[in-house]
Amino acid sequence: MVDKAIAEFRAALRSATSVMVLSGAGVSAESGVPTFRGAGGLWRRWSATELATPEAWARDAGLVWEFYDYRRRRMADVQPNPAHHALAAFEARWSAAGRELELVTQNIDGLHEQAGSRAVTRLHGSIWHVRCLRCGAVTPNRDVPITPAYEGAGDPDPHAHARRFTADDLPRCACSGILRPHVVWFGESLAEEDLGRAVAAAERCDALIVVGTSAVVYPAAGLIPLARRSGAVVCEINLSPTPATNGVDYHFCGPAGVVLPELLEGLPEVG
Ligand code: OAD
């Protein structure tokens, strides 16, 4: 039997023209990608400021690349799960019906796109792209290891005394500039265009689905109250309550890979 609250949110979706989804690491957890906070989270084991900031890069770029190489290795063979597939299938039906969907993700793993989602705004960049520090070119890159020097690496230790990697070990652009991961680090601004698209979607949407995010990192988390203030009906799908929970209309407690397929199944009904 479909839960009463699920039925109510499905009714809100039925009458919506524009829907926004805000996703976080919890959506990819069932694919085997580690989240950041909570049990097994990356920030439980490592300090974000030691590995994911411009200061960390300036201190030891080789160490930062070791961290991203480790994460690329862990993500290389994972597959989209039923949550990603439910969103992609929903988008296909939804846009065929002439309605608008914007999927705004904080994830850098590319799994939404791999499942077939098209209107994806990646607020925090992509782990499968690199950016040249000299010419600025952003290019796809799926090399694992990122350079031969990283073969067998993968346990970054910010407190080790000796550096494990030198400038010669870092990936290079065709222009010979050093390549960095095309992701947003703490202390960096989001790309203006991406944030602008996300803000516009939040202001415009009739319904917002927030899924698998701890809702503590801004500006992403700020999109939730923005959508609600702008008149959207908001639901949150998570294994546990978050700081956003009190400000949403519905909290669906459960794994994204179970709740999303149930929530979106067959919508919008045609005919
Ligand atoms: P977090 O790791 O902070 O939060 C993941 C959320 O997903 C938690 O609230 C979990 O309860 C929930 N969760 C876990 N498994 C789930 C499942 N199967 N179904 C539903 N929910 C589940 O990840 P984010 O909120 O995405 O930023 O983190 C936001 C940003 O903080 C990241 O983009 C990253 C990080 O530092 C940067 O690197 C800039």
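Analyst: A polar contact is a pair of N or O atoms within 3.5 Å; within protein, one atom must be able to donate a hydrogen and the other to accept it, and residues adjacent in sequence count only if both atoms are side-chain atoms. The model is predicted, so local features need pLDDT of at least 70 and side-chain atom pairs count only at pLDDT 80 or more, while totals for chains, interfaces and linings use all residues. Residues are numbered from 1 along each chain as its sequence is written, and side-chain values use heavy atoms, with hydrogens and water left out.

The account begins with one serine. S126 belongs to strand β4, residues 125–132; helices (H or I, at least four residues) and strands (E, at least two) are DSSP runs numbered from the N terminus. With a relative accessible area of 4%, S126 is buried, where buried means under 20% relative accessible area, exposed over 50%, and partly exposed in between (1.4 Å probe, protein chains only). A polar atom of the S126 side chain lies 3.1 Å from the backbone nitrogen of W128. The side chain of S126 also joins that of H129 in a polar contact of 2.8 Å. Leaving aside residues up to four places away in sequence, S126 touches I108, H182 and V183, contact here meaning heavy atoms within 4.5 Å.

N81 caps the N-terminal end of α7, with a side-chain oxygen 2.7 Å from the backbone nitrogen of A83. The helix covers residues 82–96, and its end C-alpha atoms are 21 Å apart, which agrees with the 21 Å that 15 residues should span at 1.5 Å a residue; the expected span is 1.5 Å times one less than the number of residues. The buried residues of α7 are A83, H84, A86, L87, A88, F90, E91 and W94. These buried residues pack against several elements, among them α1 (4–14), β1 (18–23), β2 (100–105) and α11 (256–264). Just after α7, G98 takes a positive phi of about 80 degrees.

Helix α6 (residues 61–75) likewise has 15 residues, and its first and last C-alpha atoms are 21 Å apart, close to the expected 21 Å. Most of α6 is covered, with 13 of its 15 residues buried.

Charged pairs come next. Side chains of opposite charge can pair when their charged atoms come close. A salt bridge is a side-chain nitrogen of Lys or Arg within 4 Å of a carboxyl oxygen of Asp or Glu, and the count by this rule comes to 13. One of these joins R14 to E269, the closest N and O atoms being 2.8 Å apart. This pair links distant parts of the chain, since R14 is in helix α1 and E269 in the segment after α11, 255 residues apart. R14 is partly exposed at 37% relative accessible area, and E269 is partly exposed at 42%.

D249 and R228 meet in another salt bridge, 2.9 Å from N to O. D249 lies in the loop between β8 (233–238) and β9 (250–253), and R228 in helix α10 (residues 223–229), so the pair ties together parts that are 21 residues apart in sequence. Both are partly exposed, D249 at 33% and R228 at 35%. Elsewhere, salt bridges that share partners join E102, E193, D194 and R197 into one network. R197 and D194 are separated by about one helical turn because they are three residues apart in helix α9, residues 192–204. R197 counts as partly exposed at 33% relative accessibility, whereas D194 counts as buried at 17%.

The domain assignment gives domain 1 (1–32 + 79–124 + 190–271) and domain 2 (34–77 + 125–183), with bounds that come from an automatic or database assignment. Their contact takes 14 residues from domain 1 and 15 residues from domain 2. The C-alpha centres of the two domains lie 29 Å apart. About 1,000 Å² is buried between domain 1 and domain 2, of which carbon and sulfur atoms give 53%; buried area is the accessible area (1.4 Å probe) that two parts lose on being put together, summed over both. Across this interface the rule finds zero salt bridges, but it finds three residue pairs in polar contact, both residues at pLDDT 80 or more.
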